[in-house]
Amino acid sequence: MSQAFVKEEDGQWLHDVMPTLNALIMYLTRENNGIRVYEKKNYLNAAGKEVHEMSNGLSYSKDVDGKWCVV
């Protein structure tokens with residue numbers, strides 16, 4: 001078998017991303033075909049959780065387990 005056929009890295013799920021903003025930005029940029037995704041604003045929601053509104057049009061927060069989720 002030729003070495004030209006190398007298996008691409010397995011996809012990563014949002015909930016597997018490290019719970020840091022930089023890790024989220026890197027993940028979202030990779031998922032956006034390399035087009036940079038950035039944080040537009042952040043705020044606390046009514047429940048007191050930090051929400052990050054991103055340039056891809058979605059907002060993200062951490063769930064009770066500290067894993068990223070779309071809100």
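Let me start at the end of the sheet: strand 3 and strand 4 pair in the antiparallel sense, over 3 bridges. Two strands count as paired if DSSP finds at least two bridges between them. Helices (H or I, at least four residues) and strands (E, at least two) are DSSP runs, numbered from the N terminus.

Before I go on, this is a predicted model: local features need pLDDT of at least 70, side-chain atom pairs count only at pLDDT 80 or more, and totals for chains, interfaces and linings use all residues. Residues are numbered from 1 along each chain as its sequence is written, and side-chain values use heavy atoms, with hydrogens and water left out.

Back to strands 3 and 4. S61 stands opposite C69 in strand 4. The hairpin of these two strands has 5 residues between them, and G66 there takes a positive phi near 80 degrees. There is also a charge over a ring here: K62 lies over the face of W68, at 5.1 Å from the ring centre. The rule for that is NZ of Lys or CZ of Arg within 6 Å of the ring centre and within 35 degrees of the ring normal.

Now one hairpin back. Strand 2 and strand 3 are antiparallel, with 2 bridges. H52 has Y60 in strand 3 as its bridge partner. Between the strands of this hairpin are 4 residues, and G57 takes a positive phi near 90 degrees.

Next, strand 1 and strand 2. They pair in the antiparallel sense over 5 bridges, and E39 stands opposite M54 in strand 2. Their hairpin has 5 residues between the strands, with G48 in the turn at a positive phi of about 85 degrees.

Which side chains meet in a salt bridge? Those of K41 and E53 do, at 3.9 Å from N to O. K41 lies in strand 1 (residues 39–44) and E53 in strand 2 (residues 50–54), so the pair ties together parts that are 12 residues apart in sequence. A salt bridge is a side-chain nitrogen of Lys or Arg within 4 Å of a carboxyl oxygen of Asp or Glu. The structure holds 1 salt bridge.

Are those two residues buried or exposed? Buried means under 20% relative accessible area, exposed over 50%, and partly exposed in between, with a 1.4 Å probe and protein chains only. K41 is partly exposed at 44%, and E53 is partly exposed at 22%.

In helix 1, the buried residues are A23, L24, I25, Y27, L28 and T29. They pack against strand 2, strand 3 (59–62) and strand 4 (68–70). Contact means heavy atoms within 4.5 Å.

Take T29 as an example. T29 sits in helix 1 (residues 21–31) and is buried, with a relative accessible area of 14%. What does T29 touch, not counting residues up to four places away in sequence? The list is G34, I35, R36 and V37. Just after helix 1, N33 takes a positive phi of about 55 degrees.
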